[in-house]
Amino acid sequence: MAGHCGARVMAAPLRRRAAGGARWVCGAAAQRPWKLFGAMCLLRLPRITQPLEKMEEEMAALMEQIELEKSHYSDHEIRKLGEEEQLRKMKESSYDEDEALGKTVIMAQDLEEKWEQKFLQFKAAPRITDADKNNDRTSLNRKLDSNLMLLVKQKIGNQELWLLPQVEWQPGETLRSTAERAMATFLGDHIQAKVLGNAPYGIYKYKFPRAIRTENNVGAKVFFFKAFLQSSDLSQAELKADHLWVTKKELGDYLKLEYLKKVNRFLLDL
Amino acid sequence: MWAAAAVRGLRGARLSSWLPQRVPLRESHWQSSLLELRTSLPVRAQPKKKKKVDVKKEQAQKERMKKKLKKLEKAAPELIPIEDFITPLKYSESNRVRSLPGLSPEESERRVLLLKKWCLFKQKQDEAEKKAIKGLVESQQEALKELRLESEELYEAAIRRDEELFPFERDGPSYTPPLPGYDPPEGKCIDITKVYTQ
């Protein structure tokens, strides 16, 4: 309660004098000088694993070596050793050859070669996609090993800014539904996204410039919500053309400093 | 004359129609002979056994059965063997032991140092994760505090538990992205795991 009154005191000293006790005003006033916005931070989760660091690679190699040392021979290896013995014996002594010519045996070595061939024939999809190479920031297929966030160009006041999609709150709906509406206005209705809970993750408060500021309209509070994108392709209508999918590191290129600081607080490093 | 009188007087008797009044009458159809007393027992009625002894015997039998059942139940149920923990005997044969050259002192030194560095690396990673989570929680608390200052109902709506969030399922990342238009080979997977019942 006290904090709320404190904010009002900062913004509108006249009102306090007029009303008398500060506490009184807070209880009685139904007008709130802050506009509420709900913003959605839509995350596309990584599709491939991140590359291992040097330390992790060394450790993985060591673990494999230790595992090999502690293990016993498997059935396949025993068979291979046995056949190698047989081959050596055949080469040393000539009379076994007649016996061996009769039967065609598949050796373990042949099997291994066959498997190797089959593996080489398979072509996996590349980890670094075309979108990465062209640095096409509007496609979802880039940076498959990190989280991607949706940024939209919006008009705030008289400025065009890159922001997380936000929409003003209307009375009668919860903030979460405001955020979902924001997502729907920019990406269309057919998006499968899992919103992570009813509570906001972060807040960005700002005051309007002095020209617009009135007693009833001091500033705005933008509440951020997080959601995971579940459908992998967005071939449905993208209503606003100016959208970007960026990683956390690239956010600095687009967002304003204060806004960026608040947004970075609720994003994990990925 | 005397025959008619005899017939009138003796209703049931067939044989002795000439006898005076005191004549043995067949009182019931169970009496097979008129001259004898009632000797044969009625054949169709239930025999009257002494009930008490039988009831006691049956009760004793039931108690014995119950005791046996209790003993069986008290005995611990047979444990289901965990197949992963039982090494099949064929793998402990001597020809299976791998023969590799031993470790040189430099190699073991390198390994020990690497393990120590790994320990430190993991500790730093863990601390960073915990710090990130703490930052996340702080940011959320701040947002909720501001929301509360704005309106109580919105705050209540935000505090409410989201029932649809859990169970949350997600496929983890793989090494390469999925190949578009990949046709996996046909086949059937037959499950041969042994199922034990207690």
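Predicted model: local features only at pLDDT ≥ 70, side-chain atom pairs only at ≥ 80, totals over all residues.
**Exercise 1. The strands around β2(A)**

Task: Find which strands pair with β2 (148–156) of chain A, and in what sense.

Solution: 
- Step 1. Start with β3(A). It pairs with β2(A) over 5 bridges, and the sense is antiparallel. 
- Step 2. Check some partners. A:Lys155 bridges to A:Glu160, and A:Ile156 bridges to A:Gln159.
- Step 3. Look at the turn. This hairpin has 2 residues between its strands, and A:Gly157 takes a positive phi near 65° there.
- Step 4. Move to β1(A). It joins β2(A) through 2 bridges, again antiparallel. Here A:Leu43 has A:Met149 as its bridge partner.
- Step 5. Finish with β8 (243–246) of chain A. It is antiparallel to β2(A), with 4 bridges. A:Leu150 stands opposite A:Trp245 of β8(A).

**Exercise 2. The largest pocket**

Task: Describe the largest pocket by its volume and its lining.

Solution: 
- Step 1. Take the volume. The largest pocket holds about 1,300 Å³ of space.
- Step 2. Count the lining. There are 40 residues, and those nearest the centre are A:Gln50, A:Asp145, A:Leu268, A:Asp269 and A:Leu270.
- Step 3. Name the elements. From chain A, α8 (130–134), β7 (219–229) and α10 (257–265) each give two or more residues, and so does α3 (105–150) of chain B.
- Step 4. Pick the main contributor. α3(B) gives the most, with 8 residues.
- Step 5. Sort by class. The lining has 17 nonpolar, 9 polar and 14 charged residues.

**Exercise 3. The second largest pocket**

Solution: 
- Step 1. The space in the second largest pocket is about 520 Å³.
- Step 2. Its lining has 23 residues. A:Ile156, A:Gly157, A:Gln159, A:Leu161 and A:Tyr206 lie nearest the centre.
- Step 3. The elements with two or more residues in this lining are β1, β3, β6 and α10 of chain A.
- Step 4. By class, 14 lining residues are nonpolar, 5 are polar and 4 are charged.

**Exercise 4. Two helices of chain B**

Task: State how α3(B) and α4(B) pack, and which residues meet.

Solution: 
- Step 1. Recall what is needed. Packed helices are described by an angle and a distance between their axes.
- Step 2. The angle is about 145°, and the axes are 6 Å apart.
- Step 3. List the residues. B:Leu144, B:Leu147, B:Arg148 and B:Glu150 of α3(B) meet B:Glu152, B:Leu154, B:Tyr155 and B:Ala158 of α4(B).
- Step 4. Sort them. This contact has 5 nonpolar residues, 3 charged ones and no polar ones.

**Exercise 5. Where the chains meet**

Task: Describe the contact between chain A and chain B.

Solution: 
- Step 1. Count residues. Chain A gives 60 and chain B gives 51.
- Step 2. Take the area. About 5,000 Å² is buried, and carbon and sulfur atoms give 60% of that.

Definitions and conventions. Residues numbered from 1 in each chain as written. Chains lettered and ligands numbered in written order. Heavy atoms only, no water. 1 Å grid on protein atoms, 1.4 Å probe; cavity = no way out; pocket = protein on both sides within 12 Å on 5 of 7 lines; lining within 4 Å. Points joined across faces, edges and corners; volume = space filled by probe spheres on them. Nonpolar A, V, L, I, M, F, W, Y, C, P; charged D, E, K, R; others polar. Axes fitted to C-alpha atoms, helices over the stretch in contact; angles between N-to-C directions. Contact = heavy atoms within 4.5 Å. Pairing = 2+ DSSP bridges. Buried area = accessible area lost by both parts, 1.4 Å probe.
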